[in-house]
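These are my notebook entries on a single structure. I record what I looked up and what I found, topic by topic.

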Amino acid sequence: MSKNHAYALGIDIGTTSVKVSVLDIVSQETICSASQKSAADTVSDVGHLGSEQDPDKILHALSECIRKIPPCAQKQVEGIGVTGQMHGIMLWKGKEVAEATDLDTKVVTSPLYTWMDQRCTPEFLATLPAPSSHLQLATGHGCATLFWLTRHKGEVVTDMGYDCSGSVMDYVVARLCGLKKPVTSVQVAASLGYFNTQLLSWNTGILSENGFPTDLLEEVVPAGNVAGQLQRPWLDIQPHIPVYAALGDIQCAFLSILQDPHDAVLNLSTSIQMGYVVKGDNSVKSSSLEDKSATLCYFPYFGDEYLALSTGLNGGNVLQHFVSMLQGWFGEFGFAMSETDIWAKLSDAAMTSESCSLCITPTLYGERHQPSLKASIAGITSSNTSLGEVFRGLCESIIDNLHTLMSSQVLTQSGHVKRILASGSVITKNPIVRSRLELVYKDIPIVYGQSGDSANGAAKIVKL
């Protein structure tokens, strides 16, 4: 690590963990990285429909990551980029954030209501005003969640004295910079709902007319703009360096991996995303909300470009739920078995099962375009219920569901896509998933080993 080189710090606030990455700003070489499980999930008072996390535990995980970075690398950091889980929202008090001396200082906040939150049922969403945006509103989107809180738990919004809202990444940026009013990028704002990407403005008129607390909305700047400066020394990271407005994790993962404008990127980890970059032409601008079943959306990227993107709520989280379910069953029978051992046994059993005749629908968490979807298994006989066959079928169903969101025909007929860069923990660790992917998308070359890294992507936006 040369003392003459300037480094960028990228931070990725994920759903289950926090990762940081240090890049050489000139060479774009990764110098070092670190990650930490956040273990931030909390019990929601709306039961299984809720998905909430403790922001303090997320900040603790971030602090632990920074401590793992060598002090000599910390001292060379000259800019910080932040990304993370989109769509989610939380509330806090701007004055407390501005006065906090470090990330360990306690600040009163709401829980983080994550992208997986499903309290906004289709019936509730039908009562909300239509956004002035080409992007559809869905359950788990921050503004929809805030509408729900305003109508059903008004005390959370009004009685606690909160005057700021934003994603957890916006909260991190505000804490680092001591911002009394948060600043975010167009990428994150669009993910919350009720934001017009062409006008670069919130739908304040529509929102205020329907009782939405518009005073909580944050300032929005173009992706790649600076939000503020690091207020104080952060361990060995020097103060007064630029901190960039938070970016979307999907956009940063694409930025870290894209090599050619004709590449499509598939990321399969907790959830699943596949897409490609297009110019913000009239086809994007004329996209409407008329087709509620549409699975292809255009999300703001960088400059005048958009991501033509299909996002699924059912990825590695479905496999994880299956493992947790088995572990719970074993416990009820009086047997203790670790998740690690269960994963290993499932993988071995699935590899010895050559095929699966079960018809599995893996939409355990619904989908944004159809929240009411449920998971199911059909075609059960007396001879196809072995552990290996069931797990193989579940793995294959993840890819089959992806194909309903973005088919190989959509990719080839777009004229943009010549190959797929496949990444994500599920792709990396699961050969059954890879085999199914190659079968379903057999007409398009697939390249593995191209690991999309959102923390790296966030660091890449830092400029000298």
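Is Tyr194 buried or exposed? I looked this up in the model, which is a predicted one. Tyr194 has 1% relative accessibility and therefore counts as buried.

**Entry 1. Aromatic pairs**

I searched the whole structure for aromatic pairs and found seven. One of them joins Phe147 and Tyr194 edge-to-face, with 5.8 Å centre to centre and 65° between the planes. I then checked where the two partners lie along the chain. Phe147 belongs to helix H5 (residues 142–152), while Tyr194 is in the loop between helix H8 (186–192) and strand S11 (195–196). The two are 47 residues apart, and the pair links distant parts of the chain. I also looked up the accessibility of Phe147: the value is 0%, so Phe147 counts as buried.

Phe147 has a further aromatic partner in Phe212. This pair, too, is edge-to-face, at 5.0 Å centre to centre and with 70° between the planes. Phe212 lies in the loop between helix H9 (204–209) and strand S13 (219–221), and Phe147 in helix H5, so the pair ties together parts that are 65 residues apart in sequence. I noted Phe212 as buried, as is Phe147.

**Entry 2. A charge over a ring**

I next looked at Trp148. The charged end of Arg119 sits over the ring of Trp148, at 4.9 Å from the ring centre.

**Entry 3. Helix H7**

How many residues of helix H7 (residues 168–177) are buried? I found 10 of the 10 to be buried, so the helix is largely enclosed by the rest of the structure. After H7 comes Gly178, for which I noted a positive phi, near 65°.

**Entry 4. Cysteines**

I searched for disulfides, and the count came to zero. For Cys120, the nearest cysteine sulfur is that of Cys143, 11 Å away. Cys120 has a relative accessible area of 2% and is therefore buried. For Cys395, the nearest cysteine sulfur belongs to Cys356, at 9.9 Å. Cys395 is in no disulfide, and because its relative accessibility is 0%, Cys395 counts as buried.

**Entry 5. A mixed sheet**

I traced an open sheet of six strands in the order S19-S20-S18-S17-S23-S24, with mixed pairing. Which strands stand at the edges? They are S19 (297–300) and S24 (446–447); each has a single partner strand, so one side of each is left without a neighbour in the sheet. I then followed the pairing of S24 with strand S23 (residues 419–423): the two run parallel and are joined by two bridges. Leu421 has Val447 in S24 as its bridge partner.

**Entry 6. Glu332 and Ser27**

Last, I looked up Glu332, which is found in helix H12 (residues 316–332). With 69% relative accessibility, Glu332 counts as exposed, because the cut-off for that class is over 50%. I also took the separation between the C-alpha atoms of Glu332 and Ser27, which is 54 Å. Along the chain, Glu332 and Ser27 are 305 residues apart.

Note on methods:
Residues are numbered from 1 along each chain as its sequence is written. This is a predicted model: local features need pLDDT of at least 70, side-chain atom pairs count only at pLDDT 80 or more; totals for chains, interfaces and linings use all residues. Side-chain values use heavy atoms; hydrogens and water are left out. Rings of Phe, Tyr and Trp (its six-membered ring) pair if their centres lie within 6.5 Å; planes under 30 degrees apart count as stacked, over 60 as edge-to-face and the rest as tilted. Helices (H or I, at least four residues) and strands (E, at least two) are DSSP runs, numbered from the N terminus. Buried means under 20% relative accessible area, exposed over 50%, partly exposed in between (1.4 Å probe, protein chains only). A charge sits over a ring if NZ of Lys or CZ of Arg is within 6 Å of the ring centre and within 35 degrees of the ring normal. A disulfide is a pair of cysteine sulfur atoms within 2.5 Å. Two strands pair if DSSP finds at least two bridges between them.
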